[in-house]
Amino acid sequence: MDIGNRIKNLRLSKNLTQEELGERTDLSKGYISQLERNLSSPSIETLFALLEVLGIKPKDFFDEDDNTQKVVYGKEEHTFYEDEEKGYQITWLVPESNEQEMEPVFVEIAPFACFKPFEPSLAETFAYVLEGTLTVALGEQEYQARAQEAVYFTAHEAHQLKNLTDTPVKFILVATDSYL
């Protein structure tokens with residue numbers, strides 16, 4: 001096991017600099033650097049102090065199976081929801097993505113229908129239109145994006161995604177600070 005690299009990855013995932021990690025563990029930035037490059041080995045006491053600050057239990061740190069990141073999500077893992085009354089379908093492409101920083105979904109809106117309205121939030125929203133024309137109502141303004149065009153906005157105003165045409169619109173939507 002590459003202990004140094006594992007410590008470095010955990011530190012980076014917590015958005016800590018080597019100096020900040022050192023301050024929280026009473027270790028020097030130089031020593032943290034040596035640990036991460038496997039130039040030095042920590043004592044058990046030092047390692048446990050680092051793991052505590054990094055928010056991981058020793059068992060989880062050394063469990064090789066848990067260190068493998070899931071990268072590919074198959075169709076059988078998708079979650080599907082349809083609102084027939086409002087005329088849209090949404091497919092969550094990554095399980096439990098609503099607990100992450102980004103939430104990618106596939107959305108299809110029937111002709112002359114709309115996705116539910118959203119209140120202002122801190123979320124950033126990105127969409128890529130696969131088919132049809134997507135209308136984005138953002139505050140008092142409306143914007144249209146056609147197939148192979150992208151949409152990006154900060155959700156500081158009330159907003160809604162609409163299909164004002166007679167053909168379905170299909171798009172990939174990625175939102176931060178999940179609000180879907």
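Is Asn38 buried, exposed or partly exposed? At 44% relative accessibility, Asn38 counts as partly exposed. Buried here means under 20% relative accessible area, exposed over 50%, and partly exposed in between, with a 1.4 Å probe and protein chains only.

Before going on, a word on the source. This is a predicted model, in which local features need pLDDT of at least 70 and side-chain atom pairs count only at pLDDT 80 or more, while totals for chains, interfaces and linings use all residues. Residues are numbered from 1 along each chain as its sequence is written, and side-chain values use heavy atoms, with hydrogens and water left out.

Back to Asn38. Its place is in the loop between helix 3 and helix 4 (44-54). Helices (H or I, at least four residues) and strands (E, at least two) are DSSP runs, numbered from the N terminus. Asn38 is not a glycine, yet it has a positive phi of about 60°. Asn15 is another such case, with a positive phi of about 55° although it is not a glycine. Asn15 sits in the loop between helix 1 (3-13) and helix 2, and with a relative accessible area of 68% it is exposed.

Next, the helices. Two packed helices are described by the angle between their axes and the distance between the axes. For helix 2 and helix 3, the axes come within 8 Å and cross at roughly 110°. That makes helix 2 roughly perpendicular to helix 3. The axes are lines fitted to C-alpha atoms, for helices over the stretch in contact, and angles run from 0 to 180 degrees between N-to-C directions. Angles under 35 degrees count as roughly parallel, over 145 as roughly antiparallel, 65 to 115 as roughly perpendicular and the rest as oblique.

Which residues of helix 2 meet helix 3? They are Gln18, Glu19, Leu21, Gly22 and Thr25, and on the helix 3 side they meet Lys29, Ile32, Ser33 and Glu36. Contact means heavy atoms within 4.5 Å. In the loop between helix 2 (18-25) and helix 3 (29-36) lies Leu27. Not counting residues up to four places away in sequence, Leu27 touches Gly22, Ile32, Thr46 and Leu50. Leu27 and Val53 are 26 residues apart along the chain, and their C-alpha atoms are separated by 12 Å.

Now the aromatic residues. How many aromatic pairs does the structure hold? It holds four. Rings of Phe, Tyr and Trp (its six-membered ring) pair if their centres lie within 6.5 Å; planes under 30 degrees apart count as stacked, over 60 as edge-to-face and the rest as tilted. The rings of Phe61 and Phe62 have centres 4.9 Å apart and planes at 90°, so this pair is edge-to-face. Phe61 counts as buried, at 0% relative accessibility, whereas Phe62 counts as partly exposed, at 38%.

Tyr88 and Phe115 are also edge-to-face, because their ring centres are 4.6 Å apart and their planes are at 85°. This pair links distant parts of the chain, 27 residues apart: Tyr88 is in strand 2 (residues 88-92), and Phe115 is in the loop between strand 4 (113-114) and strand 5 (124-131). Both Tyr88 and Phe115 are buried. Together with Tyr81 and Phe118, they form one aromatic cluster. Tyr88 also lies 4.4 Å from Ile109, C-alpha to C-alpha, although the two are 21 residues apart in sequence.

Four strands form an open sheet in the order 4-9-6-7, with antiparallel pairing. Its edge strands are strand 4 and strand 7 (141-146), each pairing on one side only. Two strands pair if DSSP finds at least two bridges between them. Strand 4 and strand 9 (residues 159-163) pair over two bridges, and Cys114 stands opposite Lys162 in strand 9.

In strand 6 (residues 133-138) is Thr133, which counts as buried at 14% relative accessibility. Its contacts beyond four places in sequence include Gln144, Lys162 and Val169.

Last, strand 5 and strand 8 run antiparallel and are joined by five bridges. Tyr128 stands opposite Ala150 in strand 8. In a regular strand the side chains alternate between the two faces of the sheet.
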